[in-house]
Amino acid sequence: MSAAEHAPDLLVIGSGPAGLSAAVEAGKAGKSVVLVEQERDVGGACVHRGTIPSKTLRETAVALTGFRRRSAGLVPLTIGADVQVASLMTRVEQVVKAHRRFMSRQLEQSGVTLWHGRAGFLSPHEIAVVSVGGGRRVVRPRAVLLATGSRPRDPDAIPIDHEHILDSDSILSMTYLPSSLTVLGSGVIACEYATIFGTLGVKVTMVDKYPRPLGFVDPEITGRFVAAFEAGGGRFLGGRKVLGVAWDGVSAVVTNLDDGTEVRADKMLAALGRVANLEGLNVARAGLEANAQGVLPVDEWCRTRVPHVYAAGDVIGPPALAASSMEQGRRAVCHAFGLEAGVAGDMTPAGIYTIPEISTVGIGEARARELHGGAVVGRASFDELARGQIAAVPEGMIKLVADAAGRKLLGVQIIGEGAAELIHVGQMAILHGDDVDLFVNNVFNFPTLAEGYRVAALEIVRQRSATAGADRL
(Lines give C-alpha, C1' and ligand atoms only; values in the text may rest on other atoms or scores of the structure.)
Protein backbone atom coordinates (compact mmCIF):
# COMPACT_ATOMS: atom_id res chain seq x y z
CA MET A 1 0.00 0.00 0.00
CA SER A 2 1.20 3.50 -0.72
CA ALA A 3 1.75 6.15 1.94
CA ALA A 4 -1.19 8.10 0.56
CA GLU A 5 -3.56 5.25 1.43
CA HIS A 6 -2.72 5.67 5.12
CA ALA A 7 -2.82 9.32 6.05
CA PRO A 8 -4.92 9.54 9.24
CA ASP A 9 -5.23 12.69 11.27
CA LEU A 10 -3.66 10.93 14.24
CA LEU A 11 -1.49 7.88 14.72
CA VAL A 12 -1.29 6.65 18.30
CA ILE A 13 1.38 4.12 19.20
CA GLY A 14 0.47 2.22 22.37
CA SER A 15 -2.95 1.48 23.89
CA GLY A 16 -2.33 2.03 27.59
CA PRO A 17 -4.11 4.81 29.51
CA ALA A 18 -2.41 7.66 27.59
CA GLY A 19 -2.84 6.15 24.14
CA LEU A 20 -6.42 5.01 24.66
CA SER A 21 -7.47 8.39 26.05
CA ALA A 22 -5.86 10.23 23.14
CA ALA A 23 -7.39 7.97 20.51
CA VAL A 24 -10.89 8.27 21.97
CA GLU A 25 -10.61 12.06 22.37
CA ALA A 26 -9.55 12.49 18.74
CA GLY A 27 -12.17 10.05 17.50
CA LYS A 28 -14.95 11.86 19.36
CA ALA A 29 -13.80 15.08 17.69
CA GLY A 30 -14.35 13.50 14.27
CA LYS A 31 -10.68 12.91 13.48
CA SER A 32 -9.47 9.81 11.66
CA VAL A 33 -7.39 7.79 14.12
CA VAL A 34 -5.21 4.70 13.83
CA LEU A 35 -4.14 3.06 17.09
CA VAL A 36 -1.19 0.67 16.91
CA GLU A 37 -0.73 -1.94 19.64
CA GLN A 38 1.90 -4.68 19.51
CA GLU A 39 0.20 -6.91 22.11
CA ARG A 40 -2.79 -9.13 21.40
CA ASP A 41 -5.14 -7.03 23.55
CA VAL A 42 -5.44 -3.31 24.21
CA GLY A 43 -4.77 -1.77 27.61
CA GLY A 44 -1.01 -2.05 27.95
CA ALA A 45 0.85 -3.03 31.10
CA CYS A 46 -1.63 -1.03 33.18
CA VAL A 47 -4.43 -3.49 32.49
CA HIS A 48 -2.56 -6.75 32.09
CA ARG A 49 0.43 -6.58 34.45
CA GLY A 50 0.09 -3.47 36.60
CA THR A 51 -2.83 -1.43 37.84
CA ILE A 52 -5.74 -3.85 37.39
CA PRO A 53 -4.07 -7.01 38.81
CA SER A 54 -2.38 -5.21 41.72
CA LYS A 55 -5.51 -3.31 42.69
CA THR A 56 -7.54 -6.52 42.55
CA LEU A 57 -5.11 -8.12 44.98
CA ARG A 58 -5.25 -4.98 47.13
CA GLU A 59 -9.04 -5.18 47.25
CA THR A 60 -8.79 -8.74 48.54
CA ALA A 61 -6.32 -7.69 51.22
CA VAL A 62 -8.47 -4.77 52.35
CA ALA A 63 -11.63 -6.88 52.41
CA LEU A 64 -10.06 -9.67 54.45
CA THR A 65 -8.38 -7.45 57.01
CA GLY A 66 -11.33 -5.05 57.12
CA PHE A 67 -13.59 -7.92 58.13
CA ARG A 68 -11.21 -8.76 60.97
CA ARG A 69 -10.95 -5.13 62.15
CA ARG A 70 -14.65 -4.43 62.02
CA SER A 71 -15.49 -7.55 63.98
CA ALA A 72 -13.21 -6.24 66.76
CA GLY A 73 -11.23 -9.46 66.53
CA LEU A 74 -14.26 -11.69 67.19
CA VAL A 75 -13.49 -13.45 63.92
CA PRO A 76 -9.72 -14.15 64.05
CA LEU A 77 -9.18 -14.43 60.32
CA THR A 78 -5.72 -15.69 59.37
CA ILE A 79 -4.12 -16.36 56.00
CA GLY A 80 -2.01 -19.50 55.90
CA ALA A 81 1.46 -19.78 54.37
CA ASP A 82 0.13 -22.34 51.87
CA VAL A 83 -2.26 -19.87 50.27
CA GLN A 84 -1.73 -19.54 46.53
CA VAL A 85 -1.40 -15.98 45.27
CA ALA A 86 -3.72 -16.79 42.37
CA SER A 87 -6.45 -17.74 44.83
CA LEU A 88 -6.34 -14.20 46.22
CA MET A 89 -6.87 -12.81 42.72
CA THR A 90 -9.72 -14.94 41.44
CA ARG A 91 -11.47 -11.89 39.99
CA VAL A 92 -8.50 -10.57 38.02
CA GLU A 93 -9.40 -12.22 34.75
CA GLN A 94 -13.03 -11.22 35.16
CA VAL A 95 -12.06 -7.60 35.84
CA VAL A 96 -9.57 -7.52 32.96
CA LYS A 97 -12.09 -8.99 30.52
CA ALA A 98 -14.74 -6.46 31.58
CA HIS A 99 -12.32 -3.55 31.22
CA ARG A 100 -11.12 -4.88 27.88
CA ARG A 101 -14.70 -4.99 26.62
CA PHE A 102 -15.21 -1.42 27.81
CA MET A 103 -12.04 -0.21 26.07
CA SER A 104 -12.90 -1.97 22.82
CA ARG A 105 -16.39 -0.48 22.91
CA GLN A 106 -14.92 2.99 23.45
CA LEU A 107 -12.62 2.61 20.46
CA GLU A 108 -15.41 1.29 18.25
CA GLN A 109 -17.84 4.03 19.25
CA SER A 110 -15.17 6.65 18.62
CA GLY A 111 -14.41 5.31 15.14
CA VAL A 112 -10.81 4.40 15.98
CA THR A 113 -9.05 1.89 13.70
CA LEU A 114 -6.97 -0.66 15.63
CA TRP A 115 -3.88 -2.23 14.10
CA HIS A 116 -1.83 -4.91 15.80
CA GLY A 117 1.85 -4.59 15.02
CA ARG A 118 5.09 -2.74 15.67
CA ALA A 119 5.61 0.85 14.61
CA GLY A 120 8.83 2.69 13.85
CA PHE A 121 9.74 6.03 12.29
CA LEU A 122 11.15 6.09 8.78
CA SER A 123 11.37 9.89 8.85
CA PRO A 124 9.72 12.67 10.88
CA HIS A 125 6.52 12.27 8.85
CA GLU A 126 6.57 8.59 7.86
CA ILE A 127 6.04 5.61 10.13
CA ALA A 128 6.16 1.96 9.15
CA VAL A 129 3.81 -0.47 10.89
CA VAL A 130 4.72 -4.15 10.64
CA SER A 131 1.95 -6.60 11.50
CA VAL A 132 2.34 -9.89 13.33
CA GLY A 133 2.15 -11.69 9.98
CA GLY A 134 4.91 -9.56 8.52
CA GLY A 135 2.78 -7.20 6.43
CA ARG A 136 4.10 -3.64 6.22
CA ARG A 137 2.14 -0.40 5.97
CA VAL A 138 3.53 3.12 5.75
CA VAL A 139 1.60 5.90 7.45
CA ARG A 140 1.84 9.70 7.01
CA PRO A 141 -0.31 11.08 9.85
CA ARG A 142 -0.92 14.76 10.58
CA ALA A 143 0.02 14.13 14.22
CA VAL A 144 1.66 11.31 16.14
CA LEU A 145 1.30 10.38 19.82
CA LEU A 146 3.91 8.10 21.37
CA ALA A 147 2.40 6.25 24.34
CA THR A 148 4.41 3.04 24.49
CA GLY A 149 4.66 2.88 28.28
CA SER A 150 7.52 1.43 30.26
CA ARG A 151 8.97 -1.73 31.73
CA PRO A 152 10.65 -2.46 35.08
CA ARG A 153 14.22 -1.26 35.32
CA ASP A 154 16.67 -4.14 35.66
CA PRO A 155 19.54 -2.85 37.84
CA ASP A 156 22.92 -4.39 37.04
CA ALA A 157 23.65 -5.23 40.68
CA ILE A 158 20.33 -7.02 41.31
CA PRO A 159 20.22 -10.57 39.85
CA ILE A 160 16.52 -10.68 38.98
CA ASP A 161 15.56 -14.26 38.17
CA HIS A 162 11.76 -13.90 38.34
CA GLU A 163 11.61 -16.79 40.80
CA HIS A 164 13.28 -15.62 44.01
CA ILE A 165 14.13 -12.04 43.02
CA LEU A 166 11.22 -10.53 41.12
CA ASP A 167 10.29 -7.27 39.45
CA SER A 168 6.91 -5.53 39.36
CA ASP A 169 5.85 -7.49 36.26
CA SER A 170 6.64 -10.90 37.75
CA ILE A 171 5.77 -10.37 41.43
CA LEU A 172 2.21 -11.63 40.99
CA SER A 173 3.43 -14.79 39.26
CA MET A 174 4.51 -16.22 42.64
CA THR A 175 2.77 -19.50 43.31
CA TYR A 176 2.45 -19.14 47.07
CA LEU A 177 2.25 -16.21 49.43
CA PRO A 178 5.76 -15.88 50.92
CA SER A 179 6.25 -15.61 54.67
CA SER A 180 8.68 -12.70 54.19
CA LEU A 181 9.49 -10.22 51.46
CA THR A 182 12.19 -7.60 50.93
CA VAL A 183 11.13 -4.65 48.77
CA LEU A 184 13.86 -2.53 47.19
CA GLY A 185 12.67 1.00 46.50
CA SER A 186 10.09 3.30 48.06
CA GLY A 187 8.25 4.77 45.10
CA VAL A 188 4.61 4.22 44.24
CA ILE A 189 4.92 0.60 43.05
CA ALA A 190 7.22 -0.40 45.91
CA CYS A 191 4.96 1.12 48.56
CA GLU A 192 1.80 -0.32 47.06
CA TYR A 193 3.11 -3.89 46.97
CA ALA A 194 4.86 -3.58 50.34
CA THR A 195 1.64 -2.63 52.07
CA ILE A 196 -0.53 -5.10 50.15
CA PHE A 197 1.65 -8.07 51.10
CA GLY A 198 2.16 -6.71 54.61
CA THR A 199 -1.60 -6.55 55.07
CA LEU A 200 -1.86 -10.17 53.94
CA GLY A 201 0.44 -11.20 56.78
CA VAL A 202 3.77 -11.25 54.95
CA LYS A 203 6.71 -9.87 56.96
CA VAL A 204 7.86 -7.01 54.71
CA THR A 205 11.06 -4.96 54.86
CA MET A 206 11.23 -1.97 52.53
CA VAL A 207 14.72 -0.65 51.77
CA ASP A 208 15.64 2.55 49.95
CA LYS A 209 18.46 5.07 49.59
CA TYR A 210 16.10 7.94 50.31
CA PRO A 211 15.25 8.85 53.92
CA ARG A 212 11.49 8.70 53.40
CA PRO A 213 9.19 6.98 50.92
CA LEU A 214 7.15 8.73 48.24
CA GLY A 215 9.35 11.81 48.19
CA PHE A 216 6.89 13.87 46.15
CA VAL A 217 4.19 13.54 48.83
CA ASP A 218 3.73 15.89 51.82
CA PRO A 219 6.16 14.74 54.59
CA GLU A 220 3.34 14.75 57.14
CA ILE A 221 1.40 12.28 55.02
CA THR A 222 4.40 10.02 54.44
CA GLY A 223 5.15 10.14 58.17
CA ARG A 224 1.69 8.77 58.87
CA PHE A 225 2.16 6.22 56.09
CA VAL A 226 5.39 4.86 57.58
CA ALA A 227 3.81 4.76 61.05
CA ALA A 228 0.87 2.74 59.73
CA PHE A 229 3.17 0.41 57.76
CA GLU A 230 5.34 -0.30 60.79
CA ALA A 231 2.34 -0.62 63.13
CA GLY A 232 1.16 -3.40 60.82
CA GLY A 233 4.43 -5.29 61.21
CA GLY A 234 6.41 -3.82 58.32
CA ARG A 235 9.85 -2.27 58.52
CA PHE A 236 11.15 0.72 56.57
CA LEU A 237 14.92 1.09 56.25
CA GLY A 238 15.49 4.49 54.66
CA GLY A 239 18.79 6.18 53.84
CA ARG A 240 20.49 2.82 53.23
CA LYS A 241 22.58 1.73 50.29
CA VAL A 242 22.36 -1.83 49.01
CA LEU A 243 25.81 -3.42 48.75
CA GLY A 244 24.71 -6.81 47.47
CA VAL A 245 21.76 -9.09 46.82
CA ALA A 246 21.94 -12.85 46.38
CA TRP A 247 19.79 -15.96 46.62
CA ASP A 248 21.52 -18.24 49.12
CA GLY A 249 20.63 -21.31 47.09
CA VAL A 250 18.49 -22.78 49.84
CA SER A 251 15.74 -20.68 51.35
CA ALA A 252 16.44 -16.96 51.42
CA VAL A 253 17.28 -13.86 49.44
CA VAL A 254 20.05 -12.08 51.35
CA THR A 255 20.45 -8.31 51.14
CA ASN A 256 23.49 -6.57 52.61
CA LEU A 257 23.28 -2.86 53.41
CA ASP A 258 25.99 -0.25 53.87
CA ASP A 259 25.31 0.09 57.61
CA GLY A 260 26.07 -3.58 58.18
CA THR A 261 22.43 -4.71 58.25
CA GLU A 262 21.62 -8.05 56.66
CA VAL A 263 18.05 -8.61 55.54
CA ARG A 264 16.87 -12.15 54.79
CA ALA A 265 13.55 -12.96 53.16
CA ASP A 266 11.80 -15.69 51.19
CA LYS A 267 11.39 -13.41 48.19
CA MET A 268 12.48 -10.00 46.94
CA LEU A 269 10.69 -7.38 44.87
CA ALA A 270 13.04 -5.00 43.06
CA ALA A 271 10.95 -1.91 42.36
CA LEU A 272 13.71 0.54 41.47
CA GLY A 273 12.01 2.50 38.74
CA ARG A 274 10.93 1.86 35.19
CA VAL A 275 12.44 2.34 31.73
CA ALA A 276 10.59 4.01 28.86
CA ASN A 277 9.77 1.69 25.95
CA LEU A 278 11.50 3.53 23.10
CA GLU A 279 13.37 0.65 21.49
CA GLY A 280 12.26 -0.13 17.96
CA LEU A 281 10.50 3.22 17.49
CA ASN A 282 13.57 4.64 15.72
CA VAL A 283 12.90 8.03 17.29
CA ALA A 284 16.23 9.36 16.01
CA ARG A 285 14.82 9.21 12.46
CA ALA A 286 12.10 11.58 13.64
CA GLY A 287 14.68 13.96 15.06
CA LEU A 288 14.07 12.91 18.68
CA GLU A 289 16.26 11.55 21.44
CA ALA A 290 15.75 10.58 25.05
CA ASN A 291 17.20 12.79 27.77
CA ALA A 292 19.59 11.69 30.54
CA GLN A 293 16.68 10.09 32.40
CA GLY A 294 15.82 7.97 29.36
CA VAL A 295 12.50 9.70 28.65
CA LEU A 296 11.31 12.08 25.95
CA PRO A 297 11.27 15.78 26.90
CA VAL A 298 7.94 17.51 26.20
CA ASP A 299 6.32 20.89 26.82
CA GLU A 300 3.17 21.57 28.85
CA TRP A 301 1.06 20.17 26.00
CA CYS A 302 3.12 16.97 25.75
CA ARG A 303 4.64 18.13 22.48
CA THR A 304 8.17 17.01 21.68
CA ARG A 305 10.68 19.21 19.88
CA VAL A 306 9.22 17.90 16.62
CA PRO A 307 6.00 19.96 16.45
CA HIS A 308 3.62 17.28 15.15
CA VAL A 309 4.97 14.51 17.44
CA TYR A 310 3.57 14.25 20.97
CA ALA A 311 4.38 11.84 23.80
CA ALA A 312 2.44 10.96 26.94
CA GLY A 313 2.46 8.56 29.87
CA ASP A 314 5.51 6.70 31.11
CA VAL A 315 7.63 7.64 28.08
CA ILE A 316 7.83 11.22 29.40
CA GLY A 317 8.58 10.27 33.01
CA PRO A 318 6.94 11.15 36.36
CA PRO A 319 4.33 11.10 37.69
CA ALA A 320 3.62 8.08 35.45
CA LEU A 321 0.25 7.38 37.04
CA ALA A 322 -2.73 6.11 35.04
CA ALA A 323 -4.86 9.20 35.68
CA SER A 324 -2.10 11.65 34.77
CA SER A 325 -1.29 9.63 31.65
CA MET A 326 -4.93 9.78 30.52
CA GLU A 327 -4.96 13.54 31.01
CA GLN A 328 -1.68 13.94 29.13
CA GLY A 329 -3.01 11.98 26.17
CA ARG A 330 -6.21 13.99 26.12
CA ARG A 331 -4.47 17.37 26.35
CA ALA A 332 -1.96 16.43 23.65
CA VAL A 333 -4.80 15.71 21.23
CA CYS A 334 -6.60 18.93 22.18
CA HIS A 335 -3.46 20.92 21.37
CA ALA A 336 -2.72 19.02 18.17
CA PHE A 337 -6.15 19.75 16.71
CA GLY A 338 -7.03 23.06 18.34
CA LEU A 339 -9.69 21.61 20.64
CA GLU A 340 -10.78 23.12 23.95
CA ALA A 341 -8.62 21.51 26.64
CA GLY A 342 -10.81 22.33 29.63
CA VAL A 343 -9.48 21.32 33.05
CA ALA A 344 -5.98 22.52 33.89
CA GLY A 345 -3.49 19.68 33.79
CA ASP A 346 -1.96 20.55 37.17
CA MET A 347 -5.27 19.81 38.88
CA THR A 348 -5.05 16.11 38.06
CA PRO A 349 -5.20 14.21 41.35
CA ALA A 350 -2.60 11.62 42.29
CA GLY A 351 -3.93 8.35 43.68
CA ILE A 352 -1.54 5.95 45.39
CA TYR A 353 -3.16 2.62 46.26
CA THR A 354 -1.17 1.74 49.31
CA ILE A 355 -2.79 0.50 52.51
CA PRO A 356 -3.73 3.02 53.80
CA GLU A 357 -4.48 4.81 50.54
CA ILE A 358 -2.94 8.21 49.69
CA SER A 359 -4.23 10.89 47.35
CA THR A 360 -3.30 14.51 46.68
CA VAL A 361 -4.40 17.40 44.50
CA GLY A 362 -3.18 20.97 44.16
CA ILE A 363 -0.11 22.06 46.10
CA GLY A 364 1.24 21.00 49.46
CA GLU A 365 1.95 23.02 52.57
CA ALA A 366 5.63 23.75 51.81
CA ARG A 367 4.90 24.81 48.23
CA ALA A 368 2.02 27.01 49.40
CA ARG A 369 4.28 28.84 51.83
CA GLU A 370 6.84 29.33 49.07
CA LEU A 371 4.38 30.63 46.47
CA HIS A 372 1.96 32.55 48.68
CA GLY A 373 4.13 33.80 51.51
CA GLY A 374 2.38 31.60 54.02
CA ALA A 375 -0.32 28.98 54.47
CA VAL A 376 -3.02 28.02 56.92
CA VAL A 377 -3.56 24.30 57.38
CA GLY A 378 -6.56 22.41 58.70
CA ARG A 379 -6.61 18.73 59.57
CA ALA A 380 -9.26 16.13 60.29
CA SER A 381 -8.13 12.77 61.63
CA PHE A 382 -10.38 9.85 60.84
CA ASP A 383 -10.35 8.90 64.51
CA GLU A 384 -12.31 12.14 65.12
CA LEU A 385 -15.01 11.04 62.69
CA ALA A 386 -17.77 8.64 63.62
CA ARG A 387 -17.39 6.90 60.25
CA GLY A 388 -13.68 6.39 60.87
CA GLN A 389 -14.46 4.56 64.10
CA ILE A 390 -17.35 2.56 62.62
CA ALA A 391 -15.26 1.47 59.64
CA ALA A 392 -12.22 0.80 61.86
CA VAL A 393 -9.96 3.09 59.81
CA PRO A 394 -8.83 5.61 62.47
CA GLU A 395 -5.34 6.13 60.99
CA GLY A 396 -6.56 8.37 58.16
CA MET A 397 -6.43 12.15 57.80
CA ILE A 398 -7.68 14.91 55.50
CA LYS A 399 -5.33 17.90 55.27
CA LEU A 400 -6.49 21.14 53.69
CA VAL A 401 -3.99 23.81 52.64
CA ALA A 402 -5.25 27.38 52.31
CA ASP A 403 -3.47 30.61 51.43
CA ALA A 404 -1.88 32.88 54.05
CA ALA A 405 -5.23 34.57 54.69
CA GLY A 406 -6.83 31.22 55.49
CA ARG A 407 -9.43 31.53 52.74
CA LYS A 408 -8.57 30.23 49.28
CA LEU A 409 -8.17 26.46 49.05
CA LEU A 410 -4.84 25.58 47.40
CA GLY A 411 -4.37 21.87 48.01
CA VAL A 412 -5.67 18.73 49.64
CA GLN A 413 -3.72 15.74 50.92
CA ILE A 414 -5.46 12.64 52.22
CA ILE A 415 -4.26 9.40 53.75
CA GLY A 416 -6.69 6.68 54.68
CA GLU A 417 -9.13 4.25 53.16
CA GLY A 418 -11.11 5.87 50.34
CA ALA A 419 -8.56 8.67 49.85
CA ALA A 420 -8.61 8.34 46.06
CA GLU A 421 -12.39 8.82 46.10
CA LEU A 422 -12.48 11.57 48.74
CA ILE A 423 -9.91 13.69 46.90
CA HIS A 424 -12.39 14.61 44.18
CA VAL A 425 -14.38 16.78 46.60
CA GLY A 426 -11.28 18.93 47.10
CA GLN A 427 -10.39 18.80 43.42
CA MET A 428 -13.74 20.27 42.40
CA ALA A 429 -13.48 23.00 45.05
CA ILE A 430 -10.00 24.04 43.86
CA LEU A 431 -11.04 24.04 40.21
CA HIS A 432 -14.01 26.23 41.11
CA GLY A 433 -11.75 28.64 43.01
CA ASP A 434 -13.66 28.17 46.26
CA ASP A 435 -12.77 29.31 49.75
CA VAL A 436 -12.54 26.79 52.58
CA ASP A 437 -15.79 28.30 53.91
CA LEU A 438 -17.56 26.23 51.26
CA PHE A 439 -17.04 23.16 53.42
CA VAL A 440 -18.20 24.90 56.60
CA ASN A 441 -21.40 26.29 55.11
CA ASN A 442 -22.60 23.08 53.49
CA VAL A 443 -24.03 19.84 54.83
CA PHE A 444 -22.29 16.47 54.61
CA ASN A 445 -23.99 13.15 55.16
CA PHE A 446 -23.46 11.76 58.65
CA PRO A 447 -21.61 9.57 59.38
CA THR A 448 -19.16 9.84 56.48
CA LEU A 449 -15.45 10.31 56.00
CA ALA A 450 -16.24 13.23 53.66
CA GLU A 451 -17.39 15.32 56.62
CA GLY A 452 -13.69 15.48 57.47
CA TYR A 453 -13.58 18.34 54.96
CA ARG A 454 -15.85 20.33 57.26
CA VAL A 455 -13.81 19.46 60.37
CA ALA A 456 -10.56 20.50 58.66
CA ALA A 457 -12.12 23.68 57.27
CA LEU A 458 -13.42 24.64 60.72
CA GLU A 459 -9.86 24.37 62.04
CA ILE A 460 -8.72 26.83 59.37
CA VAL A 461 -11.58 29.19 60.19
CA ARG A 462 -10.70 29.06 63.90
CA GLN A 463 -7.09 29.97 63.13
CA ARG A 464 -8.26 32.76 60.85
CA SER A 465 -10.54 34.12 63.56
CA ALA A 466 -7.81 33.90 66.19
CA THR A 467 -5.45 35.84 63.95
CA ALA A 468 -8.07 38.50 63.27
CA GLY A 469 -8.76 38.84 67.00
CA ALA A 470 -5.07 39.24 67.75
CA ASP A 471 -4.76 41.89 65.07
CA ARG A 472 -7.62 43.90 66.67
CA LEU A 473 -5.76 43.85 69.98
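Reader: I've clicked on Glu365. Is that residue buried or exposed?

Author: Glu365 is buried, as its relative accessible area is 19%. The labels work like this: buried is under 20% relative accessible area, exposed is over 50%, and partly exposed is in between (1.4 Å probe, protein chains only). Keep in mind that this is a predicted model, where local features need pLDDT of at least 70, side-chain atom pairs count only at pLDDT 80 or more, and totals for chains, interfaces and linings use all residues. Residues are numbered from 1 along each chain as its sequence is written, and side-chain values use heavy atoms, leaving out hydrogens and water.

Reader: Which residue meets Glu365 in a salt bridge?

Author: A salt bridge means a side-chain nitrogen of Lys or Arg within 4 Å of a carboxyl oxygen of Asp or Glu. Here the partner of Glu365 is Lys399, at 2.8 Å from N to O. Glu365 belongs to helix α8 (residues 365–372) and Lys399 to strand β21 (residues 397–402), so their bridge ties together parts 34 residues apart in sequence. Those element names come from DSSP runs (helices: H or I, at least four residues; strands: E, at least two), numbered from the N terminus. Lys399 is buried too, with 0% relative accessibility.

Reader: How many salt bridges does the structure hold?

Author: There are 22. One of them joins Lys55 to Glu192, with the closest N and O atoms 2.7 Å apart. This pair links distant parts of the chain: Lys55 sits in helix α3 and Glu192 in helix α5 (residues 188–199), 137 residues apart. Glu192 counts as buried, because its relative accessible area is 7%.

Reader: What about Arg240 and Asp259?

Author: They form a salt bridge as well, their closest N and O atoms being 2.6 Å apart. Arg240 is in the loop between β11 (235–237) and β12 (242–247), while Asp259 is in the loop between β13 (253–257) and β14 (262–265), so the bridge ties together parts 19 residues apart in sequence. Arg240 is partly exposed at 23% relative accessible area, and Asp259 is partly exposed at 41%.

Reader: Where is Ser110, and what does it touch?

Author: Look in the loop between α4 (92–109) and β3 (113–123). Ser110 is buried, at 10% relative accessibility. Leaving aside residues up to four places away in sequence, Ser110 touches Val24, Gly27 and Lys28; contact means heavy atoms within 4.5 Å.
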